[in-house]
Amino acid sequence: MNPLSLFFKKQYAVEEKIQRLLRYLEDMAHLYKGSYEAYLDGSSDEFTQRNEDLNKIEKEMDDLGLQIQMTLMRESLMPDSRDDLLWFLTKLDKVPSSFKHSLAEIALEKPEIPQDFKVPLKKMLDHTHKAVKALAHATDSLFTDLRAVRQHVEEVSRQESEVDQVEYKLLQSVFENEKYELARKYQLKGIFKQLGAVTNLAEDVADAVLILATKHST
Amino acid sequence: MAALAAGLTVYWMTKLGLPVSTSQAIIGSIIGWNLFSDSYTDISSLLKILSTWIICPLLSAVIAALLFSISKIFVRKIGVGLIHLDGYTRLALILAGAFGAYSLGANNIANVMGVFVPVAPFPDMQFGQGFSISSAQQLFLVGGLAIAVGVFTYSKRVMMTVGSELMTLTPLAAWVAVMSHSIVLFLFASERLEQLLANMSLPTIPLVPVSSSQAVVGAVIGIGMLQGGREIQWPRVYSIVKGWVITPIISCLLCFVGLYFLQNVFQQTVQRDSNYQLSASVIEKFQKEGIETDGLHELSGTIFRTSAEVVRSVKDKVNLSSKQGLKVVEYSLQQRLIVTAEKIADLDNNGLSPVQLEALSKLAGQTYNYPWQLGDALSEISPEWIVLGGGLKDKLHDRDIKQKLAFLYRIFHRREL
C-alpha cells in the first residue's frame, strides 16, 4: 500500500470515481454502436432496448459526474487542479449527451437509410467507437501517467479524420444522387452530421486532455 | 529609534502591498544613526551589503530558472497522473513553505529583535528543575508572536503581490520560487557552507543579511524569464524595485529626524559618550597592523568624541583604506576594562575553552585603557586566543575569537559601570 494514500485519501477517492466515469463512457460508446447498428439492421426491439440501457447509464454518469464535482468543490485538490478538472468534466459531460441526442433523433425521425449507405455508416460507427475508447484511455492516462496522454489523443484525431472522410463521401453520394428529393437529402445529411459530431466532440475533449497534461507537466 | 524607524518604514511599505526588506530598512536606520551620531561607516562593508541587494535577486533568479528546468524534466520523467501530481506538489509546497518559513524565522528574528538583546528587560524564567527561558529567548518569543500577528494582519497584500500580481504561478513554479528563495537565504547564512568552501580554498559567500523579499521576487522573475518574460507584470516589478530603493532612504531619514527630535525636543540622551585617543600604544598598534603612522604623533593626546572624527583626522595625515578606518576606530576607542576574578568565576566557561579560561584567569586584577589590549594580552598567554589572520581557512576561527573577545570587552566594561 502506498503510504502517501493515507495523506491523499480524498484525492484518491476522486480518482476512483473518475475511473468509474470512464468505464461508463466506454460502455455508452459500445451501446451506442450496438444500438445504431441494430437500427441499421432493422432490429427495432434491440435498438429500443439498447437505447434504454444507454439512457440509464447516461443518468448514472450524470449522477457520478455531479458527485465528482461536489467532491472537487470541497477542496480536495489545489485550486488550480480543481478548476482545471471542473472545466474538463464539463467538457467530457457533453460526449454522453451527444450519444443520447443522436439516438433520440433516430428514434424520433425513424429515417429510412438506403442500403448502400449502411456499410459506410457502420464504418463510421466503428471509428466513432474507437475514437471514444481512445478518449477514455487518454483521460485515464491523465490520471495515471501524463506521458501516455499524447499517443491516445493522436489516436482520437486519427479516428476523427477517418470519420470525416467517410462522412464526406456519404454526403457526396447523397447530393450527387438524383433519385432523392431535397427533403430526404437534408434528412440524411442531418443524420450523418449528427454521427460525425460525436467524434468531433471526442476530439475537442481529447484536445482538452492534452492541454491539461501539457500544462501540468511543464 | 533605529528599530522604530525601520519598523515604521516596513509597516508603511507593507500597507502599500510592496514586498520590502527588513534588512534594508535596518541598514538604512543604522546609516541614519551613523550620520546623526557622526559615527564612522565602513564603506567597504556597506558596499558589500549593497552589492548583495543586487546579487541576491539575480542569484535567486538563476537558481529558480535552473530548478524550474530540472523540475519540469523530473515531472515529465516520473510518469504520474494529475491527481497524484497534485498530491505530491501539495506535500512539496507544504514542506517547502515550512522550510522557507523556518529559514525566514532563523534570519529575520535577528533583524527584528537582535538590537534589543543587550538591553533585554525580562528576567530569566525558571520552570521547575532544569527548564528555564532566558531573557533573550523571551525576547525572541515576543518577536516570533509579533511576526505571526503581522502575518494575520497586514501580510495579505504583500502575499498577493508576490503570489499573483507579478506573474501567475503554477503550483510547480510556486514550489520552485519558495525553494530558490530558501536556498539563497541558506547560501548567505550558512557558516558550515562557508567553512566547507574555505577548506577547499574556494572563495566564500559573504555571510550578510540578505533580503528574503528580494530573493522571492528574483525567483519569480527568473521563472518568468525562462518562459520568455511575456507573463511578467513589469510595471509591478518596477514599483517593487522602487520600493527597494526608497526603503533604506526613508528609514535613514526617519531615524535621523527621530533622533533629532528625541535629543533636541524631548531632551533624551541618544548616544553614549565615547572617547577616541591616539596614544603611543595605539600608534604602535597601528604600525603593527600596517597602518601608516607618519605624522600621527601630532594627534597624540587629542581626544576625539566621535568615530568619524578620529577617522577624518587620521585621514588628513595618512592614506587610509575603508578597512583600516575601521581598525583606527577599533584601536583608538578608549574603554576602561577591569578584569576581576569574580567576573571570571561568573563566566562559567560561556563558550570559552578551559585553556582560554585559564589564560583569562591569569589576567585577573589587570586593567586596560583600550579593549584590544586585553585581546593582545590573552594572545600572548595562550595561542588559543590568537587571531591568525591567515586568509580563508582561518576566517571562521578568527571570527570565533573576535566574538569571544567582544563578549569579554562587554563583560569587563559593564562591570566597571
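Colleague: Where is Asp38(B) found?

Modeller: Asp38(B) is in the loop between helix H2 (22–37) and helix H3 (43–78) of chain B. Helices here are DSSP runs of H or I, at least four residues, numbered from the N terminus.

Colleague: What am I looking at, and how is it numbered?

Modeller: This is a predicted model; local features need pLDDT of at least 70, side-chain atom pairs count only at pLDDT 80 or more, and totals for chains, interfaces and linings use all residues. Residues are numbered from 1 along each chain as its sequence is written, while chains are lettered from A and ligands numbered from 1 in the order written.

Colleague: Back to Asp38(B). What's its phi?

Modeller: Positive, about 55°, although Asp38(B) is not a glycine.

Colleague: How many other C-beta atoms lie within 10 Å of it?

Modeller: For Asp38(B), 14, so it is partly exposed. The cut-offs: buried at 20 or more other C-beta atoms within 10 Å, exposed at 12 or fewer, partly exposed in between, with C-beta atoms placed from the backbone.

Colleague: And Lys110(A), where's that?

Modeller: In the loop between helix H4 (94–109) and helix H5 (115–144) of chain A. Lys110(A) also has a positive phi, about 45°, without being a glycine.

Colleague: Is Lys110(A) buried or exposed?

Modeller: Lys110(A) is exposed, because it has 9 other C-beta atoms within 10 Å.

Colleague: New topic. Which domains does chain B have?

Modeller: Domain 1 (2–117 + 133–264), domain 2 (275–334) and domain 3 (337–416). The bounds come from an automatic or database assignment.

Colleague: What separates the centres of domains 1 and 3 of chain B?

Modeller: 35 Å, taken over C-alpha atoms.

Methods
Helix = DSSP H or I, 4+ residues; strand = E, 2+ residues; numbered from the N terminus.
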